[in-house]
Amino acid sequence: MVKDRAAALPGLGGNERFSITLNRGSSATTDTVTVDLADTPQPPTLDSIAQAFSAAIAAIPQRDSNGDVVNDADGNPLPRWPISFKPVKTADGWGLQMNGTGIDRVTINQVGAGDSLMVAAGQTPLDSPTATSIMRFDDPTGAIERNTLASYSAIDPAATARAQLSPPPKPLLPDQQPEPVQVMAPTRTRAVATDAQGFTYMVGTTAGDLGANRSDGGDDLFLTKMDSDGKVIWQRTLGAGGTAEGAAISIAADGDIVVAGTVSGAFDGATSDGDMLVARFSAAGDEEFTTVVRSIGADSANAVAVGNDGSIFVGGRAASGTGDAFLARLDATGRLAERRTINSGSSDTVRALRVDSDGSLVALTSEGGNAVVRRMSGTALSTDLGEISLGQADARALAIGRDGTIAVAGATSTAITGDEVNTLSGARDGFVTRLNPGLSNASTSYIGTGGDDQIDSLAFMGGTLYVGGRTTGDLGGTRAGPVDGFVARVNSGTGTVENINQWGRAGVRTEAVQVAAAPGADTAIGAFGFRRGTINPEDSTRLVAQTSLRPGDEFSFRVNGGAVRRITIAANDTLTSLADRIRLAASREVTISTPRQGDGNVLRIEARAGNSIELIAGREGRDALQKLGMAPARLVASAPIPDNAPRVRPGAITGWTCRPRSTFRPPTGPSWRLAALNRRSRPRRAPSARCSGTRTRKRSSTTAARPGGCRPISPPRPAAIRMRSGVWAAAPPSPDSDPMAQPPALIKGITQSMRHLADRQRVISENIANSETPGYKARDVRTPDFGAMLNIRSGRAAVARPTVAITSSMAALGARGPSIGGNVIRDTDISETKPDGNNVTLEDQLLRMGQVQADFTAMTSLYRKQMGLIKSAIGRNGN
């Protein structure tokens, strides 16, 4: 962005050359043009670049089936690509915009751009969970310059809800809004990889929400795609009903992403006791298949590699024996083809896998504490082609260079077998061992200080070896934190450590440092607002890609208490197709729509006037409602009020609507925001009730916009009200009542109601504070008998009391339970009880707190109206 449209673009020297590749969908229609900025007006501006790019694309002629140029009526060639660029002004300044069709993909690269390293490293402050720091190291052959791009972490929804209940640290001014509160969940990245277009993928584990991917509180495998500037393109979670951990990643020849991990508990309709898992995703983020390698006992995956023929190799540790190293081969479709275990008689595991250019599989194993490199056939895992033992060492990483050189890295306190470029520093050092393709020679370089040093990852790029690791000493500078990270360049021919870049922060521990080579990533494309690679990549519209839903997840509903209808999520479901299937299964009493809202669409479920719809959670481990951010709910719409119904003035009804536990929006592509009314919600007075997604708003100083909470609705104007079950009705006061003798009965009722709400707010706060206390039972406050309170001397009620059936969903309005003391009673409307005996559910308590706030607002409004009427009656004109 620049403030002045005609200003020179910083970061451009004017001699850069850019290639623009255009591709039409999945067809083979592709063209590439090159733009040299040296041929454009100097210095480069947004207009000069837009004109140069647009002219180069427009010069590509349209051709017919014979290859002849197609001309217009004036004999001028018709352009083949309806794509152009132009400067646009936004609130932040001037930028460059591409205009084109939705099916054409545009890729921009800089010719002759320098190489970079993409690095992901965990950062753990002393008082916060681990987050992943994304960095790019430019000029790797020289100074190794570090650029921190972003910090990546998930949101802990339960902790965020608790934090939002706390008062602001400072008193707020009358018109000041409190800052949004978010609590992060630990986000641990295990591996990174880059594809041919410069996109970076990272895989790991988190227990929090990632965009539209809803967490159930357990660990889940995540996969994130980023551009060369660290901006998120899309993010996916596995959506396991139990737990899942990400371990390794590999990029296939066709650009697909293959990840490996471990799954436990419920997953895709079966239960795992700890099994290896392999999942394959397209570049658009669609899950193509997931294979669970099942066996008896708790296995764990550590490594994955993709062969030249599409075969997938996964390795880790099996539960058999004393813990055997385990390998499996899958074909390109995910079908399990072969297994192999390695048993040294001690604890063994596969640490890393790579496929050589000849198709053979190279495996790094730990066998009884010894680091072993094995070469085996890629078509028959039982066929060994060579091996070498490096001795006692914690070997973790494996890479193969273009010349066949094999590199192994890790940490050791003892000398590695073979030649040594330098010697150990006396403590635990990081090491890099270079092996020839025949595994007959080994040469080791040590990277160490007087502290603890270790290497976590390594990669070849341009014939040079780069490693990422951690240190508690001074390697490339003075240590700044408890544990610092570093990236080092190692000469792949001599083993000489040529340069080290060390970084850290005071009070922050650096976790494993994962390095990936990014050839050509050091570009100037960001100077005009775009990223390297495809600038308009395809993003999946499937619900199973945009959310943590999995095919087979389900929920049910019933209309007006009728038959239960089940909705099962299909692999190809989109928001539109899901709405169509709900609409087909429902009846005319329910309206299902997907209106446009902001930059996406929302799913809206409305019960027509006089009808109700109940949303029912799916089976445990298969509940689609939770993954959509919805809760089981009963949605009721009041019946229309006849025109001849008795009218009462003054009077008003204040309603409220529940917001979803949170609003989510994927970083790109359609945005699905879904919400549900909680089962305790009361209908609005309007003749329809609906469950729909809404945008997140900032909290006001009086009402907090809490996840799963509620917001007040402005009181409607006086309207006709007639007596019926569940609806308040008003009648004129008794003729013999004396309003001057005592406060009006309605004022007394309002006062008592406000006291009751204050007591209930206190009890709910105690429930939330004790949500983790073993054996604690949720409490509530007994509802006063407002009907008796409102009776006057004649026995006629000033406000008629409705007849409402007491159900579990209406417990908050009148359900009675065993007394605990005073007006505090045991809460009988409990959705779940934990193993430790605690039955407090935070979501339920937050919804009740929202209800209390809404009711208190309603009572306050009604009180003001009544006092205004009294003042008017005695001639004070409201003063």
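1. Contact is used below to mean heavy atoms within 4.5 Å. On that basis, and leaving aside its neighbours within four places in sequence, F85 is in contact with A50, F53, S54, I57, L96, Q97, M98, V106, F530 and I535. Please keep in mind throughout that this is a predicted model.

2. F85 also matters for describing the largest nonpolar core, which has 31 residues and in which F85 and F528 are the residues with the most contacts. The elements that give two or more residues to this core are β1 (17-24), β2 (30-36), α1 (46-58), β4 (93-99) and β5 (104-110), and α1 gives the most, with seven residues. As general background, nonpolar side chains in soluble globular proteins tend to be buried together.

3. A second, separate core has 26 residues, among them I582, L603, A607 and L625. One of these, A607, belongs to strand β43 (residues 604-607), both faces of which are covered: R604 and E606 are buried on one side, and I605 and A607 are buried on the other. Strand β43 pairs with strand β40 (residues 590-593) in the antiparallel sense over four bridges, and in this pairing A607 stands opposite V590.

4. An open sheet of four strands has the order β39-β38-β44-β45, with antiparallel pairing. Its edge strands are β39 (565-568) and β45 (633-636), each of which pairs on one side only, and neighbouring strands of the sheet are turned by 20 degrees against each other on average, with direction ignored. Within the sheet, strand β44 (residues 612-617) and β45 run antiparallel and are joined by four bridges, where S612 has V636 in β45 as its bridge partner.

5. Helix α4 (residues 575-585) lies across β38 and β39 of this sheet, and the helix runs at about 165 degrees to β39.

6. Turning to charged side chains, the count comes to 40 salt bridges. R550 forms one of them with D268, the closest N and O atoms being 2.7 Å apart.

7. The side chains of E387 and R374 meet in a salt bridge with an N to O distance of 3.2 Å. E387 lies in strand β26 (residues 384-392) and R374 in strand β25 (residues 370-376), so the pair ties together parts that are 13 residues apart in sequence. E387 is partly exposed, with a relative accessible area of 46%, while R374 counts as buried at 8% relative accessibility.

8. The side chains of R396 and D394 likewise meet in a salt bridge, at 2.9 Å from N to O. Here R396 is buried, with a relative accessible area of 17%, and D394 is partly exposed, with 26%.

Technical notes. Residues are numbered from 1 along each chain as its sequence is written. This is a predicted model: local features need pLDDT of at least 70, side-chain atom pairs count only at pLDDT 80 or more; totals for chains, interfaces and linings use all residues. Side-chain values use heavy atoms; hydrogens and water are left out. Buried means under 20% relative accessible area, exposed over 50%, partly exposed in between (1.4 Å probe, protein chains only). Two strands pair if DSSP finds at least two bridges between them. A salt bridge is a side-chain nitrogen of Lys or Arg within 4 Å of a carboxyl oxygen of Asp or Glu. A nonpolar core is a set of buried Ala, Val, Leu, Ile, Met, Phe, Trp, Tyr and Cys residues joined through side-chain atoms within 4.5 Å. Axes are lines fitted to C-alpha atoms, for helices over the stretch in contact, and angles run from 0 to 180 degrees between N-to-C directions.
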